[in-house]
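Subject: Structure for you to look at

Hello,

Here is the structure I promised to pass on. Please open it first, then read my notes below.

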Amino acid sequence: PLVTSEKMLLDAKKDGYAVGAFNVENMEMVKAVIAAAEELNAPVMLQTTPSTVKYGTLETFAGIVKAEAAKTKIPVCLHLDHGNSFELAVQAMKAGYTSVMIDGSHEDFENNIAVTKKVVDVANAFGIPVEAELGKVGGKEDDLEADTDTNTDPQEAKEFVERTGVSSLAVAIGTAHGFYVGTPVLDKPRVSAIKEVVDVPLVLHGASGLSEEDVRECVERGMCKVNFATELRVAYTDAVKKLLEEKPETFDPKKLGVVAMEAVKEQVIARMKMCGCDGKA
Ligand code: 13P
Ligand code: ZN
Ligand code: NA
C-alpha cells in the first residue's frame, strides 16, 4: 500500500538499516523500483525532483504510484525530493504525495529554518512527514548547482531539528549528486556525531557512485534513508542504448521499457541490499 515515510524511517532508525529512496522519471522506473522491493520484501521510497515534476506533473506521478502501490503488500512511499518552494511542497501533499522534502539548504540558517517550519506546519495538518536539509551536498542536484561544499555542523543540526520539528534531516558529509570525478572524501565520523545529538532519522544524498563500503558504513553510523538517482537513469538509458545497437529495427516503446525496467530493477536490488532494508517490509 501507499504509506507515509514516518514509520518506515523510524523502524530503520530503530533497527539500524536504511530505506532506499529511488528517483523515478516515468512509469517504467516506478514499476521497476516496486518490483525490486517486492522481490526483496523491502519497504521503499520513490521520489521525484522539481524538474521531474515539471516534466510529468505531481498528479500523474501520484496516480501512477498510487495504482502500483495498491497492488502490493510492500509499504511504498511517494516523496517530493528537493522541494524548492513552500508552494510546491503544499501542492505535492494535495496531489497525494505521502512525504515531502523542503530543501532550504541554499538559504542562510535562519531562512532555512523559516521556510522549513512553514512547510512543517502545513504538513502536520496533512499528517505528512517532512525532510529538510542542512549543510550543502555537492555537485549538480536537479538543475541547481551547489555552490560550496559545507558539511553539516552537529550543534546546528540539533538546533535546526528542535526549532523546525522536521521528521528527518538530510546532512552533508562530503557526498555529491551525480558521479564522482575522483574518490569521494566522506567525513563518516560526522554521521555519528550528528546522530548523537539529533533525534530524527538522518538522510544521505548523492549515493550514486559511492562504494558498497561507504554506503554500509554511513548506514551503520546512522543514515536511515539513502538517495539514489543518477545511476538509475544511467542503468535505464544504457539498457535502451544496448537494445537499439543490437536491434536497430526496434520501434515499440514497450520493448525499450522491458529492458530498461530489468536494468533498473537489478540496480535497485543491489542498492537495497547495501542499505540492509531487504526483508524489512
Ligand atoms: P545521486 O544522483 O548521486 O544518486 O544523488 C541522489 C540524490 O541525492 C537525490 O536527491
Ligand atoms: Zn539529493
Ligand atoms: Na553521487
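Start with the overall dimensions. A compact globule of 281 residues would have a radius of gyration near 19 Å, and the protein chain has 18 Å, so the two agree. Please keep in mind that this is a predicted model. Along its principal axes, the C-alpha trace spans about 60 × 40 × 35 Å. Of the 281 residues, 49% count as buried.

Next, the secondary structure. The protein chain holds eleven helices and eleven strands. Contacts across the sequence are worth a look too. Take the contacts in the protein chain with a separation of 6 or more: 70% of them join residues 24 or more positions apart.

Is Met 29 buried or exposed? Met 29 has 26 C-beta neighbours inside 10 Å, and 20 or more make a residue buried, so Met 29 counts as buried. Which residues does Met 29 touch, leaving aside its neighbours within four places in sequence? They are Val 24, Leu 232, Tyr 236 and Val 264. Look at Val 264 in particular. In sequence, Met 29 and Val 264 are 235 residues apart. In space, their C-alpha atoms are 6.9 Å apart.

Now a helix pair. Helix 4 (residues 58–69) packs with helix 5 (residues 86–95) at an angle of about 35 degrees. Their axes are 9 Å apart. The crossing of the two helices is right-handed. On the helix 4 side, the contact involves Leu 58, Glu 59 and Ala 62. On the helix 5 side, Gln 91, Ala 92 and Ala 95 meet them. By type, the residues of this contact are four nonpolar, one polar and one charged.

Last, the ligand. How many residues surround ligand 1? There are 14, and the closest are His 205, Ser 208, Asn 227, Ala 229 and Thr 230. The shell around ligand 1 divides into nine polar residues, three nonpolar and two charged.

When you go through the model, I would take Met 29 and its contacts with Leu 232, Tyr 236 and Val 264 among the stops. Then turn to the shell around ligand 1, including His 205 and Ser 208.

Best wishes

Definitions and conventions
Residues numbered from 1 in each chain as written. Chains lettered and ligands numbered in written order. Predicted model: local features only at pLDDT ≥ 70, side-chain atom pairs only at ≥ 80, totals over all residues. Axes fitted to C-alpha atoms, helices over the stretch in contact; angles between N-to-C directions. Helix = DSSP H or I, 4+ residues; strand = E, 2+ residues; numbered from the N terminus. Left-handed = near helix turned anticlockwise from the far one by under 90°. Contact = placed C-beta atoms within 7 Å. Nonpolar A, V, L, I, M, F, W, Y, C, P; charged D, E, K, R; others polar. Near = placed C-beta within 6 Å. Rg over C-alpha atoms; globule rule 2.2 N^0.38 Å. Buried ≥ 20, exposed ≤ 12 C-beta atoms within 10 Å, placed from the backbone.
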